[in-house]
Amino acid sequence: MGLPRRSVLLAAGAAGLAGCSFRPDQDHNGPDAPRAEPLRQPVRTAWVFSSGGPRGFVHVGVLKALEELGLVPDLIAGASVGALLGSLFAAGLRAREIEALALALQPWRLLRLALGGGAYLSGSAIAGLMRERCPVQRLEAMPVPMACVASQRFGRVAVAFTAGDVGLAVQASAAIEGHFVPVRIRGHQYMDADWINPLPVRVARALGAQRVLAVDASAHTTDTPQGAERYHADDLRKQALVNADGALADLVLKPDFGYWAGMSVEFRKRTIEAGYRHTLAQATALRALHAV
């Protein structure tokens, strides 16, 4: 997902007001715990949404345009913020509902201090948000099959949760390394896949996707502004990973909404609009990709 250190520290202070998580390393091993299972139906077209932290608001605009074009996927695969927004859509929310939620969101409400967790924060409130907002709670029962991609902490293996509780699956996918406590599921710790697979096209292909639309919310490394030099190396690292998977997609959308990211309502509106306009501009190619 990706957050600057200063933002995390400020968020941690706000999280103290929101509450604490007293069992941050609880092992979730019940019948509803997320699982990686084969899909029950063949996948012709998959939508893949990248990680990106606040830049991920661009996915909302992309979803608005895709819905307006009348396009429907056979699978959505997402990492981190891409898993969060993709799951809301896969569960049955309309794009305008997701946009309203994105604009009204108070980010500090999604944070909890993790007491004894070895990291600043717990993402348990993210799981709560998904359970509250998703009309369908289990990934395998969603109208559109959904794969929430997380990284197994030890071994650095990308895992696609396709069944079980959507809240825990998204929490695991969005557990930013070094900032959020990993989510323990069936004895293994999971976290954000940003360091190994920020644009999980390979995951979608492995699940059987014949055609892939990928949406890249990462920074445009060719437009790094003055003052952002300290982030450039990490931007290049991530771009190399994104490019490797993007080469396996049939179409990649990378809307440009400027380098700097934030959580202001103005930034959210501008980013959503950029995603919407960029996607509509590719209407012909998108319709061809989804043609039977």
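At what angle do helix 3 and helix 4 pack, and how far apart are their axes? In this predicted model, helix 3 (residues 81-90) and helix 4 (residues 95-104) pack at an angle of about 140°, and their axes lie 9 Å apart. Axes here are lines fitted to C-alpha atoms, for helices over the stretch in contact, with angles between N-to-C directions running from 0 to 180 degrees. Helices (H or I, at least four residues) and strands (E, at least two) are DSSP runs numbered from the N terminus. Helix 3 is therefore oblique to helix 4; angles under 35 degrees count as roughly parallel, over 145 as roughly antiparallel, 65 to 115 as roughly perpendicular and the rest as oblique. Leu85, Leu88 and Phe89 of helix 3 meet Ala95, Ile98 and Leu101 of helix 4, contact being heavy atoms within 4.5 Å. By class, this contact of helix 3 with helix 4 has 6 nonpolar, no polar and no charged residues. Ala, Val, Leu, Ile, Met, Phe, Trp, Tyr, Cys and Pro count as nonpolar, Asp, Glu, Lys and Arg as charged, and the others, Gly among them, as polar.

Helix 4 also packs with helix 9 (residues 265-280), at an angle of about 150° and with the axes 9 Å apart. That makes helix 4 roughly antiparallel to helix 9. The contact joins Glu99, Ala102, Leu103 and Ala104 of helix 4 to Val265, Arg268, Lys269 and Ile272 of helix 9. Its residues divide into 5 nonpolar, no polar and 3 charged.

A further partner of helix 9 is helix 2 (residues 58-68), at an angle of about 40° and with axes 6 Å apart. Helix 2 is thus oblique to helix 9. Among the residues in contact are Val58 and Leu66 of helix 2 and Ile272 and Tyr276 of helix 9. The contact of helix 2 with helix 9 has 8 nonpolar, 4 polar and 2 charged residues.

Turning to a strand, Gln189 is found in strand 10 (residues 188-191). Gln189 is buried, with a relative accessible area of 10% (buried means under 20%, exposed over 50%, partly exposed in between, with a 1.4 Å probe and protein chains only). Leaving aside residues up to four places away in sequence, Gln189 touches several residues, including Asp25, Phe154 and Arg184.

The protein averages a pLDDT of 90, and 89% of the residues score at least 70; pLDDT is the predictor's confidence in each residue, from 0 to 100. Over residues 1-18 the pLDDT is below 50. Where pLDDT is low, the predicted coordinates should not be read in detail.

Residues are numbered from 1 along each chain as its sequence is written, and side-chain values use heavy atoms, leaving out hydrogens and water. Local features need pLDDT of at least 70 and side-chain atom pairs count only at pLDDT 80 or more, while totals for chains, interfaces and linings use all residues.
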